[in-house]
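Hi,

Here is the structure I promised to pass on. Please open it first, then read my notes below.

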Amino acid sequence: MTTDSRGDYQELVDEISELLGVPATLENRDFELIAFGAYDSEDELDPSALDPVRTRSILTRRSTTAVRTWFEGFGITRATAPVRIPPTPEAGVYRGRICLPARHRGVVLGYVWLLDSDPGPTDPQLEAAMRVAARIGALLADEAQHGADLSRELRAVLTAERGWQADMAVAALRTALGPRGDGPYAVVCVAPWPSADPDDAPSARTVPHATALCTVPWGPTAQWLAALIRLRATDTLTPATSAATRLLERARGVEAGGADTGTHGTAGTQGAQDTWGTQGTAGTSGTRGTAGTQGTQGTQGTQDTRGTQGTAGTSGTRGTAGTQGTPGTHGTPAAAIAPLAVAAGIASPRVALGDLAVAWQEASAAARAALAEPAFGPVAEWSRIGPYRLLTSLPPETAHDPAVRPLLSPAHRELARTAEIYLDCAGQAARTAAELGIHRQTLYYRLSRVEQLTGLDLDDGEHRLLLHMALKGARL
């Protein structure tokens, strides 16, 4: 859907809301949310207005198959006039509905949904609203006629082998896009896409700034989602970021900023060295070290991970390790962060459609990097994933170097984490010990064990490079 048409839909839905004095939502015939017109009234604040079906439609921007089948049972797919649907609490519908079919040339292309009330809209009001719904139907038909759903063409471009097949696929996409074929564009990847149906991609009408969407096979069973996003200029990715966020909401089935937002973790109370103490609270100063000297300030935790430990005390005495922090959003080493279940990647902007296959490689690499290193995500840009730009282009066997393989076993997980943070810290022992919350002598012992397991010399630059690449590659 183009930005202009999205604005047209919103204006038309707002017009219906004003005509009838009630909030309205617009869905396409696949029950995917296109626009939501909030109307400022006391009725809108009534808790009964927020029944489960309506809430899910707004938050996840689509309805379930069961809900769709239930509503279609009232004849809305063939209706030529408003359809009243009674409340059915056992189905999660606590308020009655009025459905205005958005038709064009005898075909229903979408639905405008209203909450029914007593007294409800008058017949003249509904007639006026149906005239607006007809304008919506015409707009939906115009988009369909001009190739709004280009899943097949986009998938062909992203999966075609180089050569004449790729050239033909690009030509077909360019023809289907017509005047919309001019860039700039960005490609967005959402990985993994939670559906086994290869045709289960959202409609472009439901995603801001989207021109086309499709699923792309990844491995023997997984699917990833690709979205072609129209940009205003090559120096801003804001439309692509907005679209990626919307698609992640869809994939997770939660409202943006809800369950996926972490809170700030804080340093806890004293625990024994190299062990976990009791759970702490967020961001306060570390407790006092031994010999009565004050420990340094604990750092913040990250989402769903352990907080960092308190560092050594001053006056030459060793402070005790801090305890486990609460879930947070900042500061814990990347190696300690729990992996994301789903993430999105954004490629660098492109102008020519012939560059979309390369852009897809960038977007999917950025999504893989975010899945491996949650500090990049949940929406990662190709330009900001650093060494993962190289790592994602290497064969998978890179992560299984024979020398490093013993370190990657579950039994040595803590040693691998220590080695990775040590290398992330450029081999600085003091900084590494602080990040891990352990004494420096404990760090040296662990590093010697790493050298024994791998046969690598951590004083050798090439050995360190090999170990670092293998540890990062293992995340992918």
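I started with the buried residues of helix H6: Ala-166, Ala-169, Val-170, Leu-173 and Leu-177. They span an arc of only 100 degrees around the axis, so they sit on the same side of H6. Bear in mind that this is a predicted model.

Buried here means under 20% relative accessible area, and exposed means over 50%.

What lies over the buried residues of H6? The cover includes two helices, H5 (151-159) and H8 (356-372). It also includes two strands, E6 (185-191) and E7 (210-218).

Next, the helix itself. H6 runs over residues 164-177, 14 residues in all. From its first C-alpha to its last it reaches 20 Å. That is close to the 20 Å expected at 1.5 Å a residue. Just after H6 comes Gly-178, with a positive phi of about 60 degrees.

Finally, the whole chain. The secondary structure of the protein chain comes to 13 helices and 10 strands. The protein chain has 476 residues, and 47% of them count as buried. Take the contacts between residues at least 6 apart in sequence: 64% of these join residues at least 24 apart.

Best wishes

Note on methods: Residues numbered from 1 in each chain as written. Predicted model: local features only at pLDDT ≥ 70, side-chain atom pairs only at ≥ 80, totals over all residues. Heavy atoms only, no water. Helix = DSSP H or I, 4+ residues; strand = E, 2+ residues; numbered from the N terminus. Expected span 1.5 Å × (residues − 1). Buried < 20%, exposed > 50% of the residue type's maximum accessible area, 1.4 Å probe, protein only. Arc of directions from axis to C-beta. Contact = heavy atoms within 4.5 Å.
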